[in-house]
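Work through the exercises below with the sequence and the model in view. Each task is followed by its solution.

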2 protein chains.
Amino acid sequence: MSNSDLDTLIELMARLPGLGPRSARRAVLYLIRKRARLLTPLADAMQQVAATARECLNCGNVGTSDICDICDSEKRANGELCVVEDVADLWAMERANVFKGRYHVLGGTLSALDGVGPEDLSIPRLVDRVTSENITEVILALNATVDGQTTAHYIADQLDGQVKLSSLAQGVPIGGELDYLDEGTITAALSARKPV
Amino acid sequence: MSNSDLDTLIELMARLPGLGPRSARRAVLYLIRKRARLLTPLADAMQQVAATARECLNCGNVGTSDICDICDSEKRANGELCVVEDVADLWAMERANVFKGRYHVLGGTLSALDGVGPEDLSIPRLVDRVTSENITEVILALNATVDGQTTAHYIADQLDGQVKLSSLAQGVPIGGELDYLDEGTITAALSARKPV
């Protein structure tokens, strides 16, 4: 630990979510061992992303152009708009590869405690998009947390009557075991039960 | 996930120990949000380390010169040589800030299963150093695993009679609770018990 370049790298790595001082040290030693195959490509990729990454001006997705590929594609203009909290949620939806419309990234949830109001999120822009992009259905894909559901209710109020509104179904996850589920999920799954 | 630069970065980050695909995506989004304060400095630090990091030719520590600061310091030439498995162990010893001698990094342990023999580790070089550096005591600070202890026994055989040999004490860790310790540690602590 004699060296300031190494110390700097370890200190910066330790700030990443999911890493702490110990795992940052491990990661840095690993990177040095795999210098040609991992460290140099990683440094280059970071420089590249630092130079090119930007937020889509329309939906808030992260990409390398002012308008992201999804907003740019005419095929995705099917009248469906999926509202998510952040970009990670958008990516999760895209991995499922089943939603064919466009997205709107809020950038967080309303939170009285943290002083986050509607003007801090992109809710006014969402209301604009619903009219300007001829949206027929808004799907609220917010997290099933208190803040997420508060935000969903607020948005539903704002858009009431203008557009069809829906939210993701709640119930037993695929592969889930009842024994490991919380009471809230079981209650939701039971009250939304379907005839077989 | 529309973009190949981003995909490349996520794929590379996911190869780090302690990160998987999910935490790599989280880390990359976090890096993009903290572009100026974290992403760019991190890319620079990686480039810097990729350009300058090297193994000490004498002991195997990682630094930025051919001979590391510890081997370079006359103060550390007190006749004590601490043998560790890898650089992470050397750093752990240095954090404790109590050992004032020099180190020798083996680069692993003997392992019949993985086909690692004495010539694959820096054991011949260790034997050389003991004479050339006027070492009076070799402290075996190897991990308390089967392979670590096998390696310690082998080194002890090689150096038998040439130098004083010692190994780290085994016992109850500071702050440790007996109830959570394994039987092996309790056995070791009991047999090495000290009068109060």
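Contact means heavy atoms within 4.5 Å. The model is predicted: local features need pLDDT of at least 70, side-chain atom pairs count only at pLDDT 80 or more, and totals for chains, interfaces and linings use all residues. Residues are numbered from 1 along each chain as its sequence is written, chains are lettered from A in the order in which they are written, and side-chain values use heavy atoms, without hydrogens and water.

**Exercise 1.** Describe the fold content and overall spread of chain A.

Step 1. Count the elements, taken as DSSP runs (helices H or I, at least four residues; strands E, at least two) and numbered from the N terminus. Chain A has eight helices and six strands, in the order α-α-α-β-β-α-β-α-β-α-β-α-β-α from the N terminus.

Step 2. Compare the radius of gyration, taken over C-alpha atoms, with the globule rule, 2.2 Å times the number of residues to the power 0.38. Chain A has 21 Å, well over the 16 Å that the rule gives for 196 residues, so it is more spread out than a compact globule.

Step 3. Take contacts with a separation of 6 or more: in chain A, 48% of them join residues 24 or more positions apart.

**Exercise 2.** Characterise the packing of α1(A) against α3(B).

Step 1. The axes of α1 (residues 4-13) of chain A and α3 (residues 35-52) of chain B come within 9 Å and cross at roughly 145 degrees.

Step 2. List the contact residues, among them A:Leu6, A:Leu9, B:Leu42 and B:Val49.

Technical notes:
Axes are lines fitted to C-alpha atoms, for helices over the stretch in contact, and angles run from 0 to 180 degrees between N-to-C directions.
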